[in-house]
Structure formats: structure tokens, C-alpha cells
Amino acid sequence: MKIATFTNIITPPVGTCVAGYGLKDVSVMKQDDLTLQGICIDDDGKKALIISYDLIGMDAEVVKVIRKRCAGLIGGGEADVLLSCTHTHGGPHTRYHEGLKGRDEESTRLVIERTVEAVAAIRDEDFIEGNWSYYTAHCKVNINRRYVGPENKCKMLFRNCELEPIGDGFTDDELGTLAFIDSKRNVIELLVNYAAHPLASHSPGTGGLSITPDYPGVLRKYLQDTLGCHITFVSGAAGDQFPRDAQIGFQAMDNIARPLANESVRALVNMRSNPDRFVLKDAHIKTMIKEFKVNVTACENPRQLQRFKQNGEYTLELQLLSIGDICFVGVPCELVAELGAEIKWHSPFRKAFICYNSTDYVDYICHANALVAGGYEPECQQFDPRAGLQLVNAAVDAMFELKKQ
């Protein structure tokens, strides 16, 4: 197997509105560039792409444009192009918002053009032969931002900071790593998967009005400086996961990035020291897009509901890309960690990694009992209470189908 890696800058100009909180939060500075990080995998002529963006999310029509154009460049189908967004709140409005009656089309065009430009620039001589290795560890630098008391009513920790010391909600602190190592034991690529909102730096004042990739950017820099290889960060199911030090400024990015960097390097040490355990032997790539339908339900969320109404149903996509016994599952939303863990627990692959905001931006999808408890994520859910279970079942069925191939 061979891979080629690529990076491109997708930073909009200062003065662009940043997404995630207010609709018209005009950026006043750039903390760091937003980028796309990509891997092109060549499995004996069959090629596939994994691309991660420092963006809040992208709508299905934008995702499909990128997939179609990139698929044409690598000679494959749309299922061979897996996209994911880190969900930084320091980037432009690249997903539709009902309050804006649209999205930032200029920034969205830039993202499409820079992606196509980067993929088109890949040359045959850029590919390096080697093998994939994997490792998973646990890094306790995230918290569940929902505090649910004994009466099963939710209070959001970011609105009730005094409750943080007793916040005990479910956290998915699994740090997934996938390394591509050549025959000389050089590390060519390290892909890192972790579930926590990129909201360490989003403080009042300048912190919340800055163009920034947040902690994923700092993590990539630490690892690039340490390892000298290409780094791709992919967010896991971070819907209800916060950094332990969230929304307190740029200094907070280091508090989550440094421990993640330490564990990622430790993972790489273990992979290289134990190749019999962690090398993916005879690994090949398989891809799939799976559709399923959910029912739109009346709710108080003003943001996107009208756009989703299609005779009471909406079609969502899941996207799967497996490398040997490791499976990436691209989900169409801000999936809460409990549902992401269900997908991982029921996986027939040795390990499954969730790719956040991958196939569409449809706000939050929660487990049904979260809708009973209330809180921010249920307030934003567009679909009926069974949608979370439908998504999990569809993902698990698709993984079994892909594994069977």
C-alpha cells in the first residue's frame, strides 16, 4: 500500500463572520491558519481520500460537490472520498443557517477550490510505500458538558460553571491513532482521532472573535515539530464533549493539545516497538455510502428546520472507509458521544473511529433519553426521538455489510 499526503490553507480574510455562536460575530484577528489535511491511499490501483477540515461543518450539497470532483481526480466513486470537519467555532459559516438564510458562499467556494487544487496536485512520485499500524489509548482531557441530576433534568455546564467539579456524564476519552510507516521505519503520516469540541480558546472578547483551528491546530503543530511527519486530526463524536478547560482563551488550547500530543507519541512508540501486535497485515481499503431516512419533528430550533422538511422525511448518509480491520464511520451531524460509543461497541471491525460532521450538517442527534432530560443538544435536534437509534442501527448494519465483502 502507498500513500501521499497533502495540506492546503482555507483561511478566510479577517472580517469574516465566525460560526458557532452569534450569527454576526465578525472576526477581528487570525490566531492561526485554517487548513485542510488530506491522505490519498493507493491500494494496488484503487485510491481513496480522507480529508479533514478546520470548519464547523458542511452541508450535504457541498460535501457531494467535493466528493464528486475529487473522485473524478482519483478515478473512483464518491464513496472513495471521506470528508470530516473538526467543528472549530473559529471558522466561517460553511453550513446553512436559517437565521442567515444561507451560508458564507465565498468561504465555501474557497474550501471547494482549495480541496480540488490540493488533490489535483498529487503526483505519482508523491506516493510512498509502507504499512499502517494502529493503537488506541485513553486521555482524560474531555468532559461531558451535560450535568443530569437525579431527577433526570439537564443543566449545561457551560451555563453553570460551578457544576463542573461534579460533572459526571459519559465521556469517550479514547484516543485513536493510525500511523503509516515506511520500510525504513520513517513515520509518513499520523492520524489522530479524539472527541472534544474545539472550544478551548472561545473566550469572551478577542478569543471568541478570532479565526482559529483551536486545539487541533496546536496538537498538529506539536506532533509535526516532534515527529517531522504529516498529521491529520479527525474529530470523534464530540456532540456533548468539551475540553476540560473550555472557553477560557488561547492558553487553554495547550491544556488539551499537550496531553493528546504526549499520548499520540507514546502510541507511536508502542506501534513501532510491537509490530506483530499493531501492524495491519495484508490491509486493503473498502468504502461504502449508506442512506437511511429519519422523520422531521416539530421543535423549537429555529436554525434549519424548514430546510429539512421533505414530506416529513429526510434522507441522511453514513460513509464508511475501512483500512484492513480499522473502520472510519462518517456521520452526518453533531453526534453525542453515547451514540458514537454504541457504534464503536457494536463494530465487527477491531476498531472503529467516528468522523464528525462528515456527510451533512444537520445539527445535533441525541439518544432518546437526552430529549427527556432536555438541555442544549435536544433543543437543537431536528428529528424525532428515534433518530439516534436509527443512525446507530444503520451504521452497525453498514459495518457488518462492509466487513462481509
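Which residue in S6 does Lys2 stand opposite? I found that Lys2 stands opposite Glu129.

**Ground rules.** I noted that this is a predicted model, in which local features need pLDDT of at least 70 and side-chain atom pairs count only at pLDDT 80 or more, while totals for chains, interfaces and linings use all residues. Residues are numbered from 1 along each chain as its sequence is written, and side-chain values use heavy atoms, with hydrogens and water left out.

**The sheet.** I took helices (H or I, at least four residues) and strands (E, at least two) as DSSP runs numbered from the N terminus, and I let two strands pair if DSSP finds at least two bridges between them. Strand S1 (residues 2-9) and strand S6 (residues 128-138) run antiparallel and are joined by 2 bridges. Both belong to an open sheet of 8 strands with mixed pairing, in the order S5-S4-S3-S1-S6-S10-S11-S13. Strand S5 (81-85) and strand S13 (230-235) are at the edges with a single partner strand each, so one side of each is left without a neighbour in the sheet. On average, neighbouring strands of this sheet are turned by 25° against each other, direction ignored.

**Helices across the sheet.** For angles I used axes fitted as lines to C-alpha atoms, for helices over the stretch in contact, with values from 0 to 180 degrees between N-to-C directions; contact means heavy atoms within 4.5 Å. Helix H1 (residues 60-74) lies across strand S3 (35-43), strand S4 (46-53) and S5, and runs at about 140° to S5. Helix H4 (residues 251-273) lies across S6, strand S10 (174-182) and strand S11 (187-194), at about 50° to S10.

**Strand S16.** I counted a residue as buried under 20% relative accessible area, exposed over 50% and partly exposed in between (1.4 Å probe, protein chains only). In strand S16 (residues 313-323), 9 of the 11 residues are buried, so the strand is largely enclosed by the rest of the structure. S16 runs antiparallel to strand S15 (residues 285-295), with 11 bridges joining them, and Met288 has Leu320 as its bridge partner in S16. A further 5 bridges join S16 to strand S17 (residues 326-330), again antiparallel, and there Gln319 is partnered by Gly330. The hairpin of S16 and S17 has 2 residues between the strands, and in it Gly324 takes a positive phi near 60°.

**Asn357.** The Asn357 side chain reaches the backbone oxygen of Ile56 at 3.2 Å. Leaving out residues up to four places away in sequence, I listed what Asn357 touches, including Gly57, Ser84, His87 and Cys333.

**Helix H7.** Of the 9 residues of helix H7 (residues 337-345), 7 are buried, so the helix is largely enclosed by the rest of the structure; among them are Leu339 and Ile343.

**Charges over rings.** Arg95 lies over the face of Tyr361, at 5.1 Å from the ring centre, and the charged end of Lys403 sits over the ring of Phe349, 5.1 Å from its centre.

Conventions
A polar contact is a pair of N or O atoms within 3.5 Å; within protein, one must be able to donate a hydrogen and the other to accept it, and residues adjacent in sequence count only if both atoms are side-chain atoms. A charge sits over a ring if NZ of Lys or CZ of Arg is within 6 Å of the ring centre and within 35 degrees of the ring normal.
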